[in-house]
Amino acid sequence: MALSARFEAALPFAAGLHRDQVRKGTNTPYVSHLLGVAAIVLEHGGNEDEAIAALLHDAVEDQGGASTLRAIHDRFGGAVAAIVAGCTDTDLVPKPPWRPRKEAYVAHVASASPSVRLVSAADKLHNARTILADYRRHGDAVWERFSGGKEGSLWYYRALVDAFRAHGRTPLLDELDRVVSEIERLAAGGPS
């Protein structure tokens, strides 16, 4: 599949929105995550709308709320905006309490469209890979970055795997499950 000028336009748009943002607890530019999620989506058969949504999946939550969603709709169309909206756990500032927000998101992805599930699962896989790599380097200190801490984060990723699996097995979900299982094993004191 060849990507069009729409995807090319989404790259600087996403980079501009997240220009001043870094990954939690690091100096890594946030755009690295967006590119990683888009790559995972494309590697798992995603179409151009899904790849664009992957680049923009955190824009509403982190960079402007409803007005950003309208801008995404105007620039990239309703399908992309719907996927981005489906991947957003809140557009409220301040964000609602962590646990109820995550519980609602898990319930949402269990019944979300295949496109939302693909982008969301790619997002969670990229996040889980990063957590695993950082856990191997920093140990339990990695959990200080996350509002849910160790227990909440482990619950959240396992609950997401289970919610995605309600729709069957895919290579993407199998990989997410393997990475989450490895994080759980290390967090329980298994050998690294």
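In this predicted model, the largest cavity holds about 40 Å³ of space. The structure has 1 cavity of 30 Å³ or more. Its lining is made of I131, W143, S153, L154, Y157, V180 and I183. By class, 6 of these residues are nonpolar and 1 is polar, with no charged residues. Helix α9 (149–165) gives the largest share of the cavity lining, 3 residues, and both α9 and α10 (171–187) supply at least two.

The largest pocket has about 650 Å³ of space. It is lined by 30 residues, and K24, Y30, K102, N127 and F146 are the closest to its centre. The lining of this pocket comprises 13 charged, 9 nonpolar and 8 polar residues. Helix α8 contributes the largest share, 6 residues; α4 (59–62), α7 (98–110) and α9 also supply at least two each.

The second largest pocket has a volume of about 210 Å³. Among the residues lining it are H44, R117, F164, H167 and L173. Two or more of its lining residues come from each of α8 and α10, with α8 giving the largest share, 4 residues. Here the lining has 7 nonpolar, 4 polar and 1 charged residues.

In soluble globular proteins, nonpolar side chains tend to be buried together. The largest nonpolar core here has 58 residues, and L55, L56, I72, F76 and V80 have the most contacts inside it. Helix α8 (residues 114–138) gives the most to this core, 10 residues. Beyond its neighbours within four places in sequence, L56 is in contact with F13, A14, L17, I72, F76, V80 and V84.

Definitions and conventions: Residues are numbered from 1 along each chain as its sequence is written. This is a predicted model: local features need pLDDT of at least 70, side-chain atom pairs count only at pLDDT 80 or more; totals for chains, interfaces and linings use all residues. Side-chain values use heavy atoms; hydrogens and water are left out. A nonpolar core is a set of buried Ala, Val, Leu, Ile, Met, Phe, Trp, Tyr and Cys residues joined through side-chain atoms within 4.5 Å. Buried means under 20% relative accessible area, exposed over 50%, partly exposed in between (1.4 Å probe, protein chains only). Contact means heavy atoms within 4.5 Å. On a 1 Å grid over the protein atoms alone, a cavity is a set of points where a 1.4 Å probe fits but cannot get out, and a pocket is an open set with protein on both sides within 12 Å along at least five of seven lines; lining residues have an atom within 4 Å of a point. Grid points are joined across faces, edges and corners, and a volume is the space filled by probe spheres set on the points. Ala, Val, Leu, Ile, Met, Phe, Trp, Tyr, Cys and Pro count as nonpolar, Asp, Glu, Lys and Arg as charged, and the others, Gly among them, as polar.
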